[in-house]
Amino acid sequence: MINNNTTLETCVSNVTYDRLFHISSSIWHVFGFFGVLFGIPGHILQIIISFNKTSRKQPNSLYFIAISIVEIVFLLGIFWLWCVNMSFIKTDPREFLSCGIFYSIIIGSTTLSHLYLASLFIDQSMMILYPTHYRLIVTRSHVILRIVLITFIIILLSIPHHFYFHYEPRITFFLCDFNSSLYYGKVRIWLFVHAILLVGIPSLIVCISSAILLHNRCKHKRIYKNNLSINARRMHRRSILIFVYSLGLFLFILPGCILEIYMVYDRFFYRNMYCSIRWKIYRLLPNYFLILSSITYSNKFYIHLIVSTTFRNGFIQLITCKSNQNSTKSIAMNERNNNEQYLLSPINQTKTIDIYQK
């Protein structure tokens with residue numbers, strides 16, 4: 001280990017590398033702080049609003065609550081790393097909790113966020129494609145069961161990490177290192193499963209579901225192009241925004257997935273990479289990964305606030321402390337708006353709704 005560290009110190013003493021690493025660290029310090037500063041309060045507000053009278057009756061609110069909880073956990077872990085990096089805290093979470101547990105918390109929370117979001121969008125696609133069966137299939141009990149099942153599976157998949165992950169500050173590339181070469185095959189399999197099945201495919205499902213919503217709204221716009229209500233035009237603009245957001249989410253997640261897949265076939269975990277150019281590139285990537293992650297997992301509250309009128313009304317009621325009478329009046333208006341959203345197409349008998357309205 002001493003020889004490796006000596007080699008490490010010799011290899012990284014390069015002016016260009018040091019400058020790039022300093023720039024990436026500085027950017028991470030800024031975005032990491034603002035991600036936590038705006039992300040955690042936003043998620044807390046989303047949880048509070050999802051529990052109000054208007055929202056808590058809707059199955060979708062359970063998804064928003066679950067997503068907010070796991071992303072708060074992720075942002076707290078990232079904030080701990082940020083504080084250690086800024087020397088505000090001396091104890092690294094990977095040494096305090098063990099690297100396997102910390103890795104499971106960070107990676108598990110982001111994985112759960114993607115799976116919950118994909119499940120939410122699948123439900124919304126069913127609302128468009130099978131409107132007559134939607135209320136029978138998507139109920140609060142079914143959503144709770146799905147959330148519990150997803151959480152249980154990810155926890156089971158995370159248990160083995162505790163046994164073959166460890167942390168060495170001077171040689172660990174990203175979050176953790178590995179105890180023995182016997183585990184390299186298992187680690188490669190996990191990285192492949194995580195990148196493809198647990199992150200890549202759920203993000204792609206979100207894109208496809210938002211495309212279905214956008215197609216539905218465009219079809220409705222073509223049919224009623226000369227007689228569109230204000231609410232229908234608003235819903236069309238929201239469907240475009242949701243599609244752009246889902247595409248952006250996929251593009252933000254894609255670099256990490258490609259890196260993980262590449263690591264499966266690369267000699268990423270071998271000790272003899274320390275003096276290579278590829279090693280220096282890998283040392284730079286974690287900061288950019290953390291930057292993208294802090295942006296991705298801190299903006300859902302603000303996107304929800306822009307897209308959903310009902311959610312925005314709930315937020316306004318929360319910050320202005322409106323009376324129960326005004327709240328009841330607002331609920332009645334929202335129900336009336338929701339009824340207007342079920343516009344029946346004479347061609348394909350497809351109902352159109354706002355994916356984030358509830």
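Student: First one: with which side chain does the side chain of aspartate 123 make a polar contact?

Tutor: With the side chain of tyrosine 63, at 2.9 Å. A polar contact is a pair of N or O atoms within 3.5 Å; within protein, one must be able to donate a hydrogen and the other to accept it, and residues adjacent in sequence count only if both atoms are side-chain atoms.

Student: Before we go on, what are the ground rules for the values?

Tutor: This is a predicted model, where local features need pLDDT of at least 70, side-chain atom pairs count only at pLDDT 80 or more, and totals for chains, interfaces and linings use all residues. Residues are numbered from 1 along each chain as its sequence is written, and side-chain values use heavy atoms, with hydrogens and water left out.

Student: Back to aspartate 123. Buried or exposed?

Tutor: Buried, because its relative accessibility is 0%. Buried means under 20% relative accessible area, exposed over 50%, partly exposed in between (1.4 Å probe, protein chains only).

Student: Which helix is aspartate 123 in?

Tutor: Helix H5. Helices (H or I, at least four residues) and strands (E, at least two) are DSSP runs, numbered from the N terminus.

Student: And what is aspartate 123 in contact with, leaving aside neighbours within four places in sequence?

Tutor: Tyr63, Tyr134, Val138, Val143 and Arg146. Contact means heavy atoms within 4.5 Å.

Student: How far apart in space are aspartate 123 and serine 209?

Tutor: They are 9.1 Å apart, C-alpha to C-alpha.

Student: Now helix packing. At what angle do H5 and H7 pack?

Tutor: About 150 degrees, with axes 10 Å apart. H5 covers residues 99-129 and H7 covers residues 140-158. Axes are lines fitted to C-alpha atoms, for helices over the stretch in contact, and angles run from 0 to 180 degrees between N-to-C directions.

Student: What does that make H5 relative to H7, parallel or antiparallel?

Tutor: Roughly antiparallel. Angles under 35 degrees count as roughly parallel, over 145 as roughly antiparallel, 65 to 115 as roughly perpendicular and the rest as oblique.

Student: Is the crossing of H5 and H7 left-handed or right-handed?

Tutor: Right-handed. A crossing is left-handed if the near helix is turned anticlockwise from the far one by less than a right angle, and right-handed if clockwise.

Student: Which residues make the contact?

Tutor: From H5, they include Ser104, Gly108, Leu112, Tyr116 and Asp123. From H7, they include Val143, Arg146, Ile150 and Ile154. The residues of this contact divide into 7 nonpolar, 6 polar and 2 charged. Ala, Val, Leu, Ile, Met, Phe, Trp, Tyr, Cys and Pro count as nonpolar, Asp, Glu, Lys and Arg as charged, and the others, Gly among them, as polar.

Student: How do H3 and H5 pack?

Tutor: At about 155 degrees, with their axes 9 Å apart. That makes H3 roughly antiparallel to H5. H3 passes H5 in a left-handed crossing. The contact residues divide into 16 nonpolar, 7 polar and 2 charged.

Student: Switching topic. Where is glutamine 46?

Tutor: In helix H2, residues 15-50. Glutamine 46 is buried, with a relative accessible area of 1%. Not counting residues up to four places away in sequence, glutamine 46 touches Phe64, Ser68, Lys300, Phe301, His304 and Phe311.

Student: What about helix H12, how many of its residues are buried?

Tutor: 6 of the 8, so H12 (residues 300-307) is largely enclosed by the rest of the structure. The buried residues are Lys300, Phe301, Ile303, His304, Leu305 and Val307.

Student: And serine 246, which side chain does its side chain make a polar contact with?

Tutor: That of serine 210, at 2.6 Å. Serine 246 is in helix H10, residues 230-265. Serine 246 counts as buried, at 1% relative accessibility.

Student: What is phi of serine 87?

Tutor: Near 65 degrees, a positive value in a residue other than glycine. Most residues other than glycine have a negative phi. Serine 87 is in the loop between H3 and H4, and is exposed at 62% relative accessible area.

Student: Last one: how many helices and strands are there?

Tutor: The protein has 14 helices and 4 strands.
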